[in-house]
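Colleague: Please put the model on screen, and then take me through a few of its details.

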Amino acid sequence: MSNLKWWQTAVFYQIYPRSFADSNGDGIGDFKGITEKLDYLQDLGIDALWLSPHFPSPNWDCGYDISDYVNVAPEYGTLDDFKTFLAESHKRNIRVILDLVLNHTSDEHPWFLESKSSRDNPKADWYVWFDTPPNNWLSCFDGDAWTYAPERGQYYYHYFMKQQPDLNWHNPEVKKAMWDAVRFWLDLGVDGYRLDAIGTIYEDPNLTPHKSKMNLAEWRRFAERAKTPQEKKLRDKYWTDMFQYQWGQPGVHDLMKELRSILDDYDGDRMLVGEDDNIAYHGNGNDELHLVFNFPLMRAERITPGHIRSNQKQRLAQLEALPTKSWPCNTLGNHDSPRIYTRYGDKQHDAALARVHAALVLTLKGTAFLYNGEEIGMTDYMLTDISQVKDTMGSWYYHTIVTEMGVHPGEAMRVTAEMTRDKNRTPMQWSNNTNGGFSPASAATWLPVNPNYKEGINVKDQQHNPDSLLNYYKHLLRVRKKAPALIEGEYVPLHTTAKDYFAFLRISEKQTALVVLSFSREHLELDFSRPKEIKGRDLSLLFSSAVRSSAELSPKNLHIGAFEVFIAEVKYPPR
Ligand code: GLC
């Protein structure tokens, strides 16, 4: 279609392996399960997969605490199962990228076990050690950033949980070991990596103490109550105050350049996407990361036309300004954030809004990332008992506010259920069989299945229903694939003061498309006849979420239904 790279035209689909498909009935997802679902994914129409960590892990942070970077967690299968999965994905033209956690390992990783065993072992300097805590830094998951290791009589640093000690990236041996792991999977044929938490890799060399008056639990309590714009601003300021010396420190760009050159040594076709929204991680546009997520688009209570426009204006201008232009990357959901359906719904028109939001990610300029389950409208599931909580960040918070702050356990559970990421990581709902078809009926699933699988929120029921959200995603993905304007076209906003709809053109050499996303509960009569790209031309329908009687439309009196997603080609006059 164009000379864009595969990762620019692709729609990625994030798989959370623990919750995707359980082939052996142990209540936990696995590679055989994922492989069995590849036909489903191919039929859905996605082009690439991002797998959250699949490595051996004690699971204090659901796999983001890795104890072996070059293997497969036994509960997910074997390395051979992984190879089969990769080959079967590639056979279907589905690329695969893995999660790369550079900042920290598990405290059960042999590197850490050796490092903590004495002060003079060969890996003594692989982590960040001090005789006494050198400052008041915090961990963003469990309070203090410094934890005592009695074996060595010293404290180690961890930005995340104490079971996730930070590696010392100033040590060249650490780099070498990690780059070997990176090559291990690239040699097996994986197509790239999603880079975890890169902002946390280096710390302020002066170890400057933070000046925040709050600790982590107090900050979370404050954040729960922040309702006004001022309170929310303060909430964000306090967070920055707490962590400013532990985040975004110099050194990461050089590291990303090194990593990029490793990838470029392969066939020029492997890619990196960073869990960060900082455009600076594109480097000059060609020497660091291929993509960084447009997280500012997600950072809103409601997705409004005004928010989207200002987001696009800023992001696209920043990307254009790089010496080598870089490519945008849009998403609205992942394993760390509430489900799109719940987060951006208004509780009255959630089903319609879910369609508008899907269309937004799939029609904006850039690579799109979807999160497993969003295509069937999976919703957040609120746990009710602390014994169910698997996200340790949540259980730490619960116990801390109950024991140290005297919060009533009922209230503590309510706020924990809201903040924990378990709510958006529940098992994929495949059918209306017991356990949502994720595991056999007799299995106890690792997190409860959201009971709304019985109410049509499951793949099987939706496959049979032509009007389902699943079939809507499929249809939209097919339309996108065939429309050069939606893949390579430049973005030109229209009607830029409209509050209840978002309209824009995507203009490529081969095609111009008009997209209208209505956020209105009323019908709209719109006039698009004036912009020079449309003037004197007709519209030919490419896609609509509404039922339309005619495919040829006049841009002058365009009738748009409530919450309609409308995509049309701007027809050039016959020659
Ligand atoms: C990233 C991951 C998150 C994890 C954290 C620590 O933010 O997305 O799930 O807990 O890094 O590895």
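Colleague: Which helix holds glutamate 418, and is glutamate 418 buried, partly exposed or exposed?
Modeller: The model is predicted, so local features need pLDDT of at least 70 and side-chain atom pairs pLDDT 80 or more, whereas totals for chains, interfaces and linings use all residues. Residues are numbered from 1 along each chain as its sequence is written, and side-chain values use heavy atoms, without hydrogens and water. Glutamate 418 is found in helix H15 (residues 409-419); helices are DSSP runs of H or I with at least four residues, strands runs of E with at least two, numbered from the N terminus. Buried means under 20% relative accessible area and exposed over 50% (1.4 Å probe, protein chains only), so glutamate 418, at 45%, is partly exposed.

Colleague: Which residues does glutamate 418 contact, leaving aside neighbours within four places in sequence?
Modeller: Contact means heavy atoms within 4.5 Å. On that criterion the partners of glutamate 418 are Met382 and Lys423.

Colleague: How are H4 and H6 oriented to each other?
Modeller: Axes are lines fitted to C-alpha atoms, for helices over the stretch in contact, with angles from 0 to 180 degrees between N-to-C directions. The axes of H4 (residues 79-91) and H6 (residues 172-188) come within 11 Å and cross at roughly 50°. Angles under 35 degrees count as roughly parallel, over 145 as roughly antiparallel, 65 to 115 as roughly perpendicular and the rest as oblique. H4 and H6 are therefore oblique.

Colleague: Which residues of H6 make the contact with H4?
Modeller: From H4, the contact uses Leu79, Phe82, Lys83 and Leu86. The H6 side consists of Phe184, Trp185 and Leu188.
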